[in-house]
Every structure is written in structure tokens, then in C-alpha cells.
Amino acid sequence: MATILYGKAVAEAMKERLAADAAALTAGGVTPTLAIVRVGAREDDIAYERGAEKRCEILGVAVQKFLLAEDAAQAELLCVIEKINADSGIHGCLLFRPLPAQFDEDAVRGALAPEKDVDGITDGSLAGVFSGSGRGYPPCTAQACIELLAHYGIDVSGRDAVVVGRSLVIGKPVAQMLLARNATVTTCHSRTRDLAEKCRRADVLVVAAGQRGLVDAESIEPGVVVVDVGINVDAAGGICGDVRPEALEGAAAYTPVPGGVGAVTTSVLAAHVIDAAQKSASYEKGRL
Ligand code: NDP
């Protein structure tokens, strides 16, 4: 029988320490605060925003929302980012992407102050992931995959990890983070030939393609650990991942969708905000 890697258990395990850290900061006069910047009203953004707000509330992290219209101008958004950068009461920023087509996304993400980049969107934070310097925060979803594996005691060292997807949000950073933990990593993408054959090499298979049913039974070797990051809508209008449910029968362990990686991501986000607030508080103390 496969072990189901529920995200809720991971979030619960993180809760006590995070809530205590947030409470200590607040008692010392610094309320850890997250700015959420959303342009437009995409359903998936709003669903994630709701989850993030709920998790922040549970942990004692304040949230300030900056909502812009779908047809907002680049200057307007840059103005919001500048405001967040200048506000010492805000410790981290979540910016929903992709942005509508009129925006130069690289310019927008590059404008965020590095110390407030709690979701690994700036080049500086990504460089930290790739160099292993520990500078900056990795993208929350990529880190959530790693937290989940660690929580369930799944050691990737020396094992073959296959990552499907190469986005800067998940695929590339998670591949680097697995490599840093001594896995032998293969990264696949839309031009990969014979994806099923690559997937069958995996001891640990991370799928982040956003393609419902992409990974089928033919791609799964018995005993594999599957982390399904995909969020798709199924034929009945429900949420499903990238891996077909029937493919998971022989797996040693797998994350459910929903209830897997997504349930950990918002805890990682809150953890980064609390850490950023701690750093900002000790910097301020050092200046006195
Ligand atoms: P992107 O669309 O940015 O990237 C998808 C990646 O998958 C690309 O690298 C693409 O390859 C690859 N891909 C697409 N089709 C195939 C295919 N047929 N075979 C192999 N590779 C393929 O998506 P994201 O990385 O932003 O998100 C991936 C999924 O994760 C989505 O479903 C998203 O909703 C979900 N997600 C889940 C979160 C969570 O907390 N659980 C948070 C954020 C996202 P190429 O580069 O060649 O185009």
C-alpha cells in the first residue's frame, strides 16, 4: 500500500514553531507582515490568496492586499512595489504571476527589494538557490516539495530524481534543491523525448507541468515516490494533478491533489515572512 504524503501533516508540524516566532516578534513590537499584490482576478490566484490569508491568520502574520485592475499600467504596479519596498512595516511580498501581457514581468520582479522577496522571484534569490549560498528565499512551492519529502523522512541522497517542468517557479529551483541534497537529477520539459522512459528512471518523481493526466501508469516504476505539484481542473470540475490516479497504485508514496504540496506552500510563505521580519528586527536593534 502506498503512503499518502498529506501536506496538512507537514503544515501542522511547522505550525507550533512559526506561531511562537510570530508571537514573539509581535510582542516585541514587530508584527510580521506580508503584502499580497494581485493584478486582475484570476480564479487560481484568488484561491491561493485565500489559502495564504488563512494560513497567515493562523500563524499570526498580518496581510496587506494591493489589488490592481486587469488593465493596470506598468507604472502603477511599479509604484505599488516601491511603496512596499519603502514600508518598514512590510516584511515580504507575494506577487501573483504571470502578469497580464502589458507588463514587463522581468522589470517588475526586478524592482522588488531583495530582502522582501519571500517567494524567490528576483534573480538574486534564484542565484542563491543555484549557488547554494543560502542568500534569499527559494520559491515557496519548490521549497514546499523539499519540506514535504523531509517531513516524511524521504532521503534523496544518491537517488535518481526526475523533475518534469523547468519553470523558474518550480521545476528549475526544485531540481537545484534536490541536487544540493545529493540526488542525481534529470529535468524534463515539453521537448523531452520519451518522457515515460525518463520518468521510469526515477526513485523520486516531481511533476510540475500543469498538464492533467500527463504521467500515466507506463511512466511509473513500482516503489517510486511521486510529488505531484500540478493543479488542474478535471472533467467533473474538481481539482486534480498531473499524474493519473491509476498510475499511483505501485508507488511507494505519493502526494494527493488537492491536499499535498499546495497545503505546505502557504506555510513556507508564512515562514519566509517571519524569517524576514526577524532579520529586519535584529537589523533595527543593531542600529540602536
Ligand atoms: P509553467 O507553465 O510555467 O511550466 C510548466 C513546465 O512544464 C514547463 O517547463 C513545460 O516545458 C513543462 N511541460 C509542459 N507540458 C509538458 C509535457 N507535455 N511534457 C513535459 N513537460 C511539459 O507552470 P508552473 O511551473 O508555474 O506550474 C506547474 C504546475 O504547478 C501548474 O499546474 C500550476 O498550477 C502548479 N502550481 C502548484 C502550486 C502548488 O502550491 N501546489 C503553486 C504553483 C503552481 P517547457 O519549458 O518546454 O514549456
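Which residue follows helix 7, and is its phi positive or negative? The points below return to this after the basis of the model and its overall layout.

1. Basis. This is a predicted model, in which local features need pLDDT of at least 70 and side-chain atom pairs count only at pLDDT 80 or more, while totals for chains, interfaces and linings use all residues. Residues are numbered from 1 along each chain as its sequence is written, and side-chain values use heavy atoms, with hydrogens and water left out.

2. Domains. The chain is divided into domain 1 (29-113) and domain 2 (141-262), with bounds that come from an automatic or database domain assignment. Taken over C-alpha atoms, the centres of domain 1 and domain 2 are separated by 28 Å.

3. Helices (H or I, at least four residues) and strands (E, at least two) are DSSP runs, numbered from the N terminus.

4. Leu34. With contact meaning heavy atoms within 4.5 Å, and not counting residues up to four places away in sequence, Leu34 touches a set of residues that includes Cys56, Val63, Cys93, Leu94, Leu269 and Val273.

5. An open sheet of three strands has the order 3-2-4 with parallel pairing, where two strands pair if DSSP finds at least two bridges between them. Strand 3 (62-68) and strand 4 (92-95) are the edge strands, each pairing on one side only, and the twist averages 20° from one strand to the next. Strand 2 (residues 33-39) is joined to strand 4 by four bridges, and Ala35 stands opposite Cys93 in strand 4.

6. Helices on the sheet. Helix 2 (residues 43-59) lies across strand 2, strand 3 and strand 4, running at about 170° to strand 2. Helix 3 (residues 74-86) also touches strand 2, strand 3 and strand 4, and its direction makes about 165° with that of strand 3. Axes here are lines fitted to C-alpha atoms, for helices over the stretch in contact, and angles run from 0 to 180 degrees between N-to-C directions.

7. Aromatic pair. A search of the whole structure finds one aromatic pair; rings of Phe, Tyr and Trp (its six-membered ring) pair if their centres lie within 6.5 Å, and planes under 30 degrees apart count as stacked, over 60 as edge-to-face and the rest as tilted. The rings of Tyr48 and Phe96 have centres 6.0 Å apart and planes at 90°, so the pair is edge-to-face. Because Tyr48 lies in helix 2 and Phe96 in the loop between strand 4 and helix 4 (105-111), the pair ties together parts that are 48 residues apart in sequence. Phe96 is buried, with a relative accessible area of 7%, whereas Tyr48, at 24%, counts as partly exposed; buried means under 20% relative accessible area, exposed over 50%, and partly exposed in between (1.4 Å probe, protein chains only).

8. Helix 7. The buried residues of helix 7 (residues 171-180) are Gly171, Pro173, Val174, Ala175, Met177 and Leu178, and their cover includes helix 5 (123-131), helix 6 (140-151) and strand 5 (160-164). To return to the opening question, helix 7 is followed by Asn182, whose phi is positive, near 70°.
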